[in-house]
Amino acid sequence: MRVTFSDDGRDFHRRDWTELVLADPNGTFFHTPAYLKLYWEEFGAQPEHLQLAFAEDGEGAQVGAVAFERVGETLRFLGGTEVTDYLGPVARDGGQGAVAKELFAALDRRDDWSDADLRGLPEDGAWLGLLRDAASAQGFSIDVTDDQNGVAPFLPLPGSWDEYLAELPSKLRHEIKRKARKLEAEGGQYRVVRATEESLVGDLDRFVELHRSSEGPKGVFMQPGMEIFFRRLAEEFLPSNVFRLNFIQIGGSKVAGTIGFEFAGRFYLYNSAFDHEWRGLSPGMVLVAEDIREAIEDGCAAFDLLKGDYQYKYRFGASPRTIKRLLVTR
């Protein structure tokens with residue numbers, strides 16, 4: 001096996017590693033070259049700081065890939081900390097250990113970095129331990145700490161909505177049903193609507209409006225640059241039905257919205273916002289329950305609420321999943 005490096009952004013396409021994302025049990029939507037290319041174009045440092053690494057077997061077949069960026073002499077997984085929840089390499093199942101070993105051996109031969117700040121690694125995934133051991137084997141100093149917002153509540157899904165409700169503790173099941181009844185009784189009949197290519201521009205306008213009306217840090221998150229990133233995500237991934245923008249609509253008003261990604265049998269709840277005039281009727285909570293119902297009906301095996309250890313996420317039966325940060329010093 002050998003590892004080669006590229007700083008050419010065209011290799012997001014030319015050496016597309018989506019197949020490896022699908023073959024790796026640890027692969028997620030955030031590992032795909034299409035997502036990472038879009039991130040790089042909107043938030044990346046100077047182009048010369050891009051560092052793509054590709055592992056090839058003895059016959060030249062691509063068996064592993066990872067996207068880095070260099071900031072000064074610090075090497076980081078491409079994706080940042082604000083908008084990308086899972087980071088790191090992907091490889092064919094069973095080959096992750098060899099890829100990790102060869103990756104750090106190849107990095108050891110480079111003189112363009114002094115330390116690595118590697119975030120977004122689930123504690124229960126294979127890559128954290130493999131990368132730690134591979135870095136240690138090269139004689140590097142290592143430290144493992146919690147990542148920023150280092151808990152991602154995670155919900156395995158059964159085969160039907162009724163099964164999901166039956167598996168919940170009675171208190172949570174009652175609360176989900178009660179909120180839906182209350183919203184309909186006091187707010188009016190609601191329906192769940194999904195953005196289409198025809199409605200997308202107006203629907204994103206409404207979602208941004210709801211987001212900016214939020215209090216605290218959430219209300220200032222959707223700056224113009226971030227808004228452009230969200231719009232590009234929608235334009236890129238809605239045609240393939242990966243990007244989902246759903247709303248609770250009552251009458252002619254969209255009172256709560258969620259953005260998510262459905263990819264390879266998993267739904268990722270990415271962002272949400274609601275009209276604060278409706279706070280007392282919890283339309284956002286009702287919508288998340290409807291998103292779970294939709295994910296089940298689409299055959300998803302898991303509903304990932306992503307990073308952020310917020311109490312509301314556990315009201316749907318999710319369990320905490322710890323995300324770690326691997327610090328490597330030469």
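Is Glu227 buried or exposed, and what is its relative accessible area? Glu227 is buried, because its relative accessible area of 16% falls under the 20% cut-off. Please keep in mind that this is a predicted model.

**Glu227 and the helix pair α8/α10**

- Glu227 belongs to helix α10, which spans residues 224–237.
- Leaving aside residues up to four places away in sequence, Glu227 touches Val208, Arg212 and Met222.
- Helix α10 has helix α8 (residues 200–212) as a packing partner: their axes come within 11 Å and cross at roughly 145°.
- The crossing of α8 past α10 is right-handed.
- On the α8 side, the contact is made by Leu200, Val201, Leu204, Asp205, Val208 and Arg212.
- On the α10 side, the contributors are Pro224, Glu227, Arg231, Ala234 and Glu235.
- Sorted by class, this contact has 6 nonpolar and 5 charged residues, with no polar ones.

- An open sheet is built from 6 strands in the order β8-β13-β12-β11-β10-β9, with mixed pairing.
- Strands β8 (154–156) and β9 (190–194) stand at the edges with a single partner strand each, so one side of each has no neighbour in the sheet.
- From one strand to the next, the twist averages 25°.
- Within this sheet, β10 (residues 243–250) pairs with β11 (residues 253–263) in the antiparallel sense, over 8 bridges.
- One of the residues involved is Ile250, whose bridge partner in β11 is Ser253.
- Helix α8 also packs on this sheet, where it touches β10, β11 and β12, and its direction makes about 105° with that of β11.

**Strand β3 and its partners**

- Strand β3 (residues 62–71) is mostly covered, with 9 of its 10 residues buried.
- β3 runs antiparallel to β2 (residues 50–56), and 7 bridges join the two; Ala53 has Val66 of β3 as its bridge partner.
- The β2–β3 hairpin has 5 residues between its strands, and Gly60 there takes a positive phi near 85°.
- With 2 residues between the strands, the β3–β4 hairpin has Gly72 at a positive phi near 65°.
- β5 (residues 90–91) pairs with β3 in the antiparallel sense over 2 bridges, and the bridge partner of Gly64 in β5 is Ala91.
- As background for reading such strands, side chains in a regular strand alternate between the two faces of the sheet.

**Aromatic pairs**

- The count of aromatic pairs comes to 26.
- Among them is the edge-to-face pair of Phe29 and Phe30, at 5.7 Å centre to centre with 70° between the planes.
- Phe29 and Phe30 are both buried.
- Phe30 also pairs with Tyr270: the ring centres are 5.9 Å apart and the planes stand at 35°, so this pair is tilted.
- The Phe30–Tyr270 pair links distant parts of the chain, 240 residues apart: Phe30 sits in the loop between α2 (18–23) and α3 (33–43), and Tyr270 in strand β12 (residues 266–274).
- Like Phe30, Tyr270 is buried.

Definitions and conventions. Residues numbered from 1 in each chain as written. Predicted model: local features only at pLDDT ≥ 70, side-chain atom pairs only at ≥ 80, totals over all residues. Heavy atoms only, no water. Buried < 20%, exposed > 50% of the residue type's maximum accessible area, 1.4 Å probe, protein only. Helix = DSSP H or I, 4+ residues; strand = E, 2+ residues; numbered from the N terminus. Pairing = 2+ DSSP bridges. Axes fitted to C-alpha atoms, helices over the stretch in contact; angles between N-to-C directions. Left-handed = near helix turned anticlockwise from the far one by under 90°. Contact = heavy atoms within 4.5 Å. Nonpolar A, V, L, I, M, F, W, Y, C, P; charged D, E, K, R; others polar. Phe/Tyr/Trp six-rings, centres within 6.5 Å; stacked < 30°, edge-to-face > 60°.
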